[in-house]
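Thanks for coming. I will go through one structure this morning, starting with the whole chain and then moving to single residues.

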Amino acid sequence: MNQPELHFYDIGPGVTAFSSTRHGGCSTGSYAEFNINRYCGDDDEHIARNREALCLQLGIGDDRLIMPHQVHQTVVTCIDEDFMALSAETRQQQLEGVDALCTSLTGVCIGVSTADCIPILLYDSEHRAAAAVHAGWRGTVGRIAQKAVETMVRQYASRPEALTAVIGPGISLESFEVGQEVYDAFAAAGFSMEPISRRFPVAGNGDQEKWHINLPRCNREQLQESGVSERNILATGICTFRQHADFFSARRLTIHSGRIFTGIILRK
């Protein structure tokens with residue numbers, strides 16, 4: 001069995017944090033090679049084998065690899081002992097329409113799937129808690145990163161200034177061309193547009209320009225506004241669109257392609 005090639009983040013002892021790359025799995029075509037997302041059209045057998053390989057590498061059972069069915073909204077769900085005691089079918093029902101997870105359980109991998117959207121990990125070393133957040137442009141407009149921080153404060157008594165955050169691989173400002181309606185949505189939500197947007201010439205038509213939005217910066221500023229210290233925010237700087245050979249990009253490969261899995265496990 002191939003071993004998945006993971007991009008690890010060093011955010012403290014007793015925690016494993018990572019994003020998957022495209023390498024080290026058995027999926028084929030635009031899903032090659034490593035994909036564990038069952039909602040993007042990949043072969044079920046390949047997904048199962050890739051999950052098995054990832055769980056073996058992480059040292060956990062398949063039932064402790066938790067991934068929601070994301071819908072670009074702002075629902076945050078806490079994974080606790082009651083959730084873990086549910087049947088697999090009931091668990092999946094509770095993960096429908098969820099875009100962020102948090103937990104204080106050890107030995108449980110929570111994570112989110114992305115392919116240009118921004119994955120964010122949060123870690124509270126004081127209270128031993130973590131969160132995984134999927135921030136597409138809609139979730140960013142809805143301030144899902146802020147809601148995840150608020151959930152950790154409420155559930156685990158986390159102090160925002162003590163949190164460590166990772167902004168994982170996602171699409172960059174230069175590659176994220178958007179329509180006027182997306183620009184307007186950010187402006188209507190109260191974002192300061194000058195720092196997070198620029199107009200670039202349209203490829204193949206230098207006389208026309210379109211807006212581009214800086215999603216990593218939007219989420220960094222959102223975390224800082226929530227009280228997370230700037231020095232505690234780690235960013236990969238990886239643009240999925242430009243580095244699509246190593247990380248999935250829906251804009252380069254279409255939505256019928258694999259997804260990056262960004263996860264975090266609290267160890268005993």
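**A walk through the chain**

R143 sits in the loop between helix 4 (137–141) and helix 5. I begin there for its backbone: phi of R143 is near 60 degrees, a positive value in a residue other than glycine. Please keep in mind that this is a predicted model. We will come back to the backbone at the end.

Now the overall picture. The protein chain contains nine helices and 14 strands. Along its principal axes, the C-alpha trace spans about 55 × 45 × 30 Å. Of the 268 residues in the protein chain, 54% are buried. The accessible surface comes to about 11,600 Å², and 46% of that surface belongs to carbon and sulfur atoms.

How much of the contact pattern joins residues at least 24 apart? If we take contacts between residues at least 6 apart in sequence, the share is 68%.

On charge, the protein chain has 24 positive and 32 negative side chains. The centres of these two sets lie 2 Å apart.

Next, the interior. In soluble globular proteins, nonpolar side chains tend to be buried together. Here the largest nonpolar core has 35 residues, and those with the most contacts inside it are I120, L122, F186, I213 and L223. Which helix gives the most to this core? Helix 5, residues 144–156, does, with six residues.

Not counting residues up to four places away in sequence, L223 touches I120, L122, A145, V149, A165, I167, V228 and I233. There is also a second, separate core of 22 residues, and I11, L95, L105 and Y123 are included in that one.

Let me turn to L65. L65 belongs to strand 3, residues 65–66. Is L65 buried or exposed? Its relative accessibility is 4%, so L65 counts as buried. Leaving aside neighbours within four places in sequence, L65 is in contact with I36, R51, L54, C55, I60, C109 and F261. V108 is 43 residues from L65 along the chain, yet the C-alpha atoms of the two are separated by 6.4 Å.

I take S172 to start. With 13% relative accessibility, S172 counts as buried. Setting aside neighbours within four places in sequence, S172 is in contact with I213, C239 and R242. S172 and L215 are 43 residues apart along the chain, and their C-alpha atoms are separated by 7.0 Å.

S175 is buried as well, since its relative accessible area is 10%. Beyond residues up to four places away in sequence, S175 touches H212, C239, F241, R242 and R251.

Then F176, which counts as buried at 6% relative accessibility. What does F176 touch, not counting residues up to four places away in sequence? The list is W137, I171, W211, H212, I213, L215 and R251. F176 and C239 are 63 residues apart in sequence, and C-alpha to C-alpha they are 9.8 Å apart in space.

Last, back to the backbone. Most residues other than glycine have a negative phi, and most peptide bonds are trans. R143, where I began, has a positive phi, near 60 degrees. D116 has a phi near 125 degrees, again a positive value in a residue other than glycine. D116 lies in the loop between strand 6 (109–114) and strand 7 (118–124). At 7% relative accessibility, D116 counts as buried.

Where is the cis peptide bond that I want to point out? That bond joins A32 and E33, with omega at about -5 degrees. E33 is found in the loop between strand 2 (15–20) and helix 1 (44–58).

That is the end of the tour.

Key
Residues numbered from 1 in each chain as written. Predicted model: local features only at pLDDT ≥ 70, side-chain atom pairs only at ≥ 80, totals over all residues. Heavy atoms only, no water. Helix = DSSP H or I, 4+ residues; strand = E, 2+ residues; numbered from the N terminus. Buried < 20%, exposed > 50% of the residue type's maximum accessible area, 1.4 Å probe, protein only. Contact = heavy atoms within 4.5 Å. Areas by Shrake-Rupley, 256 points an atom, 1.4 Å probe, with all protein chains shown as cover. Lys, Arg positive; Asp, Glu negative; His and termini not counted. Charge placed at Lys NZ, Arg CZ, Asp CG, Glu CD. Core = buried A, V, L, I, M, F, W, Y, C linked by side-chain atoms within 4.5 Å.
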